[in-house]
Amino acid sequence: DGERARTELQAIQTISRQALADMREAVIGLRGRKLGDAMRESVQRLADAGVAAELEGEGDTDSLSDSASTALAMVTREAVTNIIRHANASRAKLGFFRQDDAVRLMIRDNGRGGADPNGGGLSGLRARLEGLGGALEVGSVNRDEGTLLTARLPDQAECEGQSQ
């Protein structure tokens, strides 16, 4: 069956790309991760999986502390992995914003929704963000349409500048 073979080949390609991305992430994760890099790479990962993605926001990610940048990069990675594996989305937006004394990372998709905010990956990230004084919220964009993930952290840019 040619159609089934094509479908299975596409699944193998997707899984192979994901495995390679996971391996790269593990190696890079040992050295730390910059949020801006993770967001740009995530747009490419989504495109490779057939999801149209775009970046939005007005914040400068380079001035984040190393711990904040790494934590938000991990959130980005987990959210994008969930979109690719579970959401059945065709579009996604990744945004970074500074507001008052906080930074906010928002990742939205137009998939089927229903993300489990207490799932293994998300609960671990929630604990990490809470350890930095932040929070993670996961919910629907609209009822039964897509997922909105929001990570908030205190803006630690000034602390980072003082420690150098």
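How many bridges join β2 to strand β3, and do these strands run parallel or antiparallel? In this predicted model, β2 and β3 (residues 102-109) are joined by eight bridges and run antiparallel, with Phe97 standing opposite Arg104 in β3. The hairpin that β2 and β3 form has two residues between the strands, and within this hairpin Asp100 takes a positive phi near 55 degrees.

Strand β2 (residues 91-99) is also joined to strand β1 (residues 52-57), in this case by six bridges, and the two strands run parallel. In this pairing, Glu54 stands opposite Lys93 in β2. Helix α3 (residues 66-87) belongs with β1 and β2 to a β-α-β unit, the handedness of which is left-handed.

Helix α4 (residues 120-131) comprises twelve residues, and the distance from its first C-alpha to its last reaches 17 Å, which is close to the 16 Å expected at 1.5 Å a residue. The buried residues of this helix are Leu122, Leu125, Arg126 and Leu129. Because these residues cover an arc of only 105 degrees around the axis, they are placed on the same side of α4. The face turned away from that buried side carries Gly120 and Gly131, both of which are exposed. After α4 comes Gly133, a residue whose phi is positive, near 85 degrees.

Technical notes: Residues are numbered from 1 along each chain as its sequence is written. This is a predicted model: local features need pLDDT of at least 70, side-chain atom pairs count only at pLDDT 80 or more; totals for chains, interfaces and linings use all residues. Side-chain values use heavy atoms; hydrogens and water are left out. Two strands pair if DSSP finds at least two bridges between them. Helices (H or I, at least four residues) and strands (E, at least two) are DSSP runs, numbered from the N terminus. A crossover is right-handed if, with the strands pointing away from the viewer, the path from the first strand over the helix to the second runs clockwise. The expected span of a helix is 1.5 Å times one less than its number of residues. Buried means under 20% relative accessible area, exposed over 50%, partly exposed in between (1.4 Å probe, protein chains only). The arc is that of the directions from the helix axis to the C-beta atoms.
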